[in-house]
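Good morning, and thank you for making time for this item.

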Amino acid sequence: MVIAVLQGSTRSERMGDRAAKWVVAQLEKRGYEAVLVDAAALKLPLLDKMWKEIKDDTSAANAELHAKLAPLAELYARTDGYVVVSAEYNHSAPPALTNLIDYFLEEYAFRPSAIVCYSVSPYGGVRAAMQLRALLPEVGLPTIPSLQPIPSIGSALSAEGVALNQEMAEKSGKFWSEFDWYVKTMKAGREQGVPY
Ligand SMILES: Cc1cc2nc3c(=O)[nH]c(=O)nc-3n(C[C@H](O)[C@H](O)[C@H](O)COP(=O)(O)O)c2cc1C
């Protein structure tokens, strides 16, 4: 099964790589194909047209955007769940993350999402996560009940995404088991048919 890992921090000195690497490793350990979707690498412009508005448009005007979004559309078509890795900027989710999410809609339908939030403070980005709890179900990605906050990320994860404390090394099992259950259950449900 395939999980898309959305990373929305674009700062050149970002901590988000630590969280994204940790997430990918956790998913691979559980047998998933984890595919990182990095807003910094994609460099999507602020939203003008959604994928559905340009997917059949082969004009030169949208060629660059088309080339960036087409592989994402292909990935999302085979994706069984999403892990959204979010920093907290002014108690909100980073704008590049919501911009990345906004390009698509129907592609997400009937898949679960899980939020891994982080910050340099002891609060671990949970205020951004609460905003994502409103956004993600709206686009068709209901969030699992548990959150995975990463407080004080600089001392919680190494630059390679390796746990540096007991909390990160041993305490995320319930979060991942829960996500696993939702991914498998919703996949089985989609195979039975979806309401619309
Ligand atoms: C614009 C901006 C706003 C921030 N606001 C918050 C905040 O509201 N709460 C918090 O705990 N940390 C905040 N921080 C500090 C971040 O937790 C810290 O910079 C973190 O490394 C951001 O993730 P990134 O490095 O992946 O971009 C903010 C950082 C930036 C750049």
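Let us begin with Y82, whose bridge partner in strand 4 is S113. On the other strand, A4 stands opposite Y82 of strand 3. Please keep in mind that this is a predicted model, in which local features need pLDDT of at least 70, side-chain atom pairs count only at pLDDT 80 or more, and totals for chains, interfaces and linings use all residues. Residues are numbered from 1 along each chain as its sequence is written.

Strand 3 joins strand 4 (residues 113-118) through five bridges, and the two run parallel. Strand 1 also pairs with strand 3 in the parallel sense, again over five bridges; pairing here requires that DSSP find at least two bridges between the strands. Helices (H or I, at least four residues) and strands (E, at least two) are DSSP runs numbered from the N terminus.

How many residues of strand 3 are buried? Six of its six residues are, where buried means that 20 or more other C-beta atoms lie within 10 Å of the residue's own, exposed means 12 or fewer, and partly exposed lies in between, with C-beta atoms placed from the backbone. On one side of the strand the covered residues are G81, V83 and V85, and on the other they are Y82, V84 and S86.

I turn now to helix 5, residues 95-102, in which A96, L97, L100 and I101 are buried. These buried residues fall within an arc of 140° when seen down the helix axis, so they line one face of the helix; the arc is that of the directions from the helix axis to the C-beta atoms. Their cover includes strand 1 (2-7), strand 2 (33-38), helix 2 (39-42), strand 3 (81-86) and helix 6 (126-138). Contact here means that the C-beta atoms of two residues, placed from the backbone, lie within 7 Å.

At the level of the whole chain, there are nine helices and five strands. The radius of gyration is 16 Å, close to the 16 Å that the globule rule gives for 196 residues, so the protein chain is as compact as a globular protein of that length. That radius is taken over C-alpha atoms, and the rule is 2.2 Å times the number of residues to the power 0.38. Buried residues make up 36% of the 196 residues. Among contacts with a separation of 6 or more, 81% are between residues 24 or more positions apart.

Next, the ligand. Of the 14 residues around it, S9, G16, A87, S119 and S121 come nearest, a residue being near if its C-beta atom, placed from the backbone, lies within 6 Å. The shell has five nonpolar, six polar and three charged residues. Ala, Val, Leu, Ile, Met, Phe, Trp, Tyr, Cys and Pro count as nonpolar, Asp, Glu, Lys and Arg as charged, and the others, Gly among them, as polar.

Finally, the loops. N90, in the loop between strand 3 and helix 5, has a positive phi of about 50° although it is not a glycine. N90 counts as exposed because it has 8 C-beta neighbours inside 10 Å. F110, in the loop between helix 5 and strand 4, likewise has a positive phi, near 60°. With 14 other C-beta atoms within 10 Å, F110 is partly exposed.
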